[in-house]
Amino acid sequence: METAPSEISSSKMFGGYNKRYKHFSPTLGCSMTFHVYFPPSSSSSSAKFPVLYWLSGLTCTDENFIAKSGAQRAASAHGLALVAPDTSPRGLNVEGEADSWDFGVGAGFYLNATQEKWKNWRMYDYVVKELPKLLSDHFPQLETSNASISGHSMGGHGALTIYLKNLDKYKSVSAFAPIVNPINCPWGQKAFTNYLGDNKSDWEEYDATCLIKKFNAVPGHILIDQGEDDKFLKDQLLPGKFEEACKNANVQLKLRLQAGYDHSYFFISTFIDDHIQHHAKALSAL
């Protein structure tokens with residue numbers, strides 16, 4: 001049963017507020033936290049803010065993006081609310097959930113697990129269904145029907161796959177250093193084997209490079225920034241595979257390779273304003 005989120009922290013920033021909330025998630029079977037950045041309100045109390053969801057990467061929580069990206073400056077200027085959920089269920093004490101940094105806790109991969117042991121790992125349903133309903137029910141100032149999605153690394157994978165499978169729910173997508181072809185990289189193969197089993201066709205349902213062939217009625221262009229000095233570029237991220245798939249499907253992709261940049265939030269904070277602007281335009285925000 002859905003419970004109202006309770007506020008656990010609040011910090012003013014660029015005229016708006018970063019607020020952190022806790023709630024019980026029926027989808028995941030545990031308590032979860034998420035952050036919302038509310039931009040400054042206009043004089044009209046009836047004004048609603050479009051929503052940009054941010055999905056974080058491996059080992060992250062809902063705090064990393066809020067503390068490190070600097071996205072609030074542009075979000076404030078454009079009148080966009082930022083919503084940052086956590087990256088996995090926590091506190092379930094499933095055997096092996098914290099044995100490695102790239103699987104289990106902090107590594108939900110934004111999918112719905114089909115293997116019994118990992119049945120609580122349903123971050124896809126949490127992000128696509130539960131969280132938007134929770135926001136709509138409890139935060140009338142958020143225009144949850146006018147939303148876009150973005151993310152980094154594992155979260156970039158989540159943003160792209162969720163967007164492509166829900167083109168009616170999101171106006172635009174962007175990503176930083178996303179895992180675009182997880183069926184062909186070690187991170188994805190480890191996660192998918194454990195969460196989804198051995199049927200490779202099930203894996204393809206959570207692989208942006210595979211999905212673009214089926215869901216290619218993309219309005220506008222997909223924006224991806226990728227650091228050329230990212231140590232995960234060649235064996236884990238594989239942006240060239242997605243670029244080729246987009247070309248074959250006639251999907252507009254703006255893939256920007258950024259010389260000298262790595263996989264960190266230093267890279268994200270450098271280019272985040274461009275991504276906020278990309279989404280603000282699609283959301284017709286100020």
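1. Accessible areas here come from the Shrake-Rupley method with a 1.4 Å probe, and for residues only the protein chains shown count as cover. On that basis the protein chain exposes about 11,800 Å², and carbon and sulfur atoms supply 48% of this area.

2. On provenance: this is a predicted model, in which local features need pLDDT of at least 70, side-chain atom pairs count only at pLDDT 80 or more, and totals for chains, interfaces and linings use all residues. Residues are numbered from 1 along each chain as its sequence is written, and side-chain values use heavy atoms, with hydrogens and water left out.

3. Overall dimensions. The protein chain has 10 helices and 9 strands, where helices (H or I, at least four residues) and strands (E, at least two) are DSSP runs numbered from the N terminus. Its radius of gyration is 18 Å, close to the 19 Å that the globule rule gives for 286 residues, so the chain is as compact as a globular protein of that length. The radius is taken over C-alpha atoms, and the rule is 2.2 Å times the number of residues to the power 0.38. Along the principal axes, the C-alpha atoms fill a box of roughly 55 × 40 × 35 Å.

4. Of the 286 residues, 57% count as buried; buried means under 20% relative accessible area, exposed over 50%, and partly exposed in between (1.4 Å probe, protein chains only). Contact means heavy atoms within 4.5 Å. Among contacts between residues at least 6 apart in sequence, 71% join residues at least 24 apart.

5. The sheet. An open sheet is formed by 9 strands in the order β1-β2-β3-β5-β4-β6-β7-β8-β9, with mixed pairing; two strands pair if DSSP finds at least two bridges between them. β1 (6-13) and β9 (253-258) stand at the edges with a single partner strand each, so one side of each has no neighbour in the sheet. From one strand to the next the twist averages 20°.

6. Inside the sheet, β4 (residues 49-55) and β6 (residues 142-152) run parallel and are joined by 7 bridges. W54 has S150 in β6 as its bridge partner.

7. Helices on the sheet. Helix α4 (residues 154-165) packs on the sheet and touches β4, β6, β7 (173-176) and β8 (222-227), its direction making about 135° with that of β6. Axes are lines fitted to C-alpha atoms, for helices over the stretch in contact, and angles run from 0 to 180 degrees between N-to-C directions. Helix α10 (residues 265-283) lies across β4, β5 (81-85), β6, β7, β8 and β9, at about 175° to β7.

8. Cysteines. The structure holds 0 disulfides, a disulfide being a pair of cysteine sulfur atoms within 2.5 Å. For C30, the nearest cysteine sulfur is that of C60, 17 Å away; C30 is buried, with a relative accessible area of 6%. For C210, the nearest is that of C185, 12 Å away, and C210 counts as buried at 13% relative accessibility.

9. Backbone points to check. Most residues other than glycine have a negative phi. S153, with phi of about 60°, is found in the loop between β6 and α4 and is buried at 2% relative accessibility.
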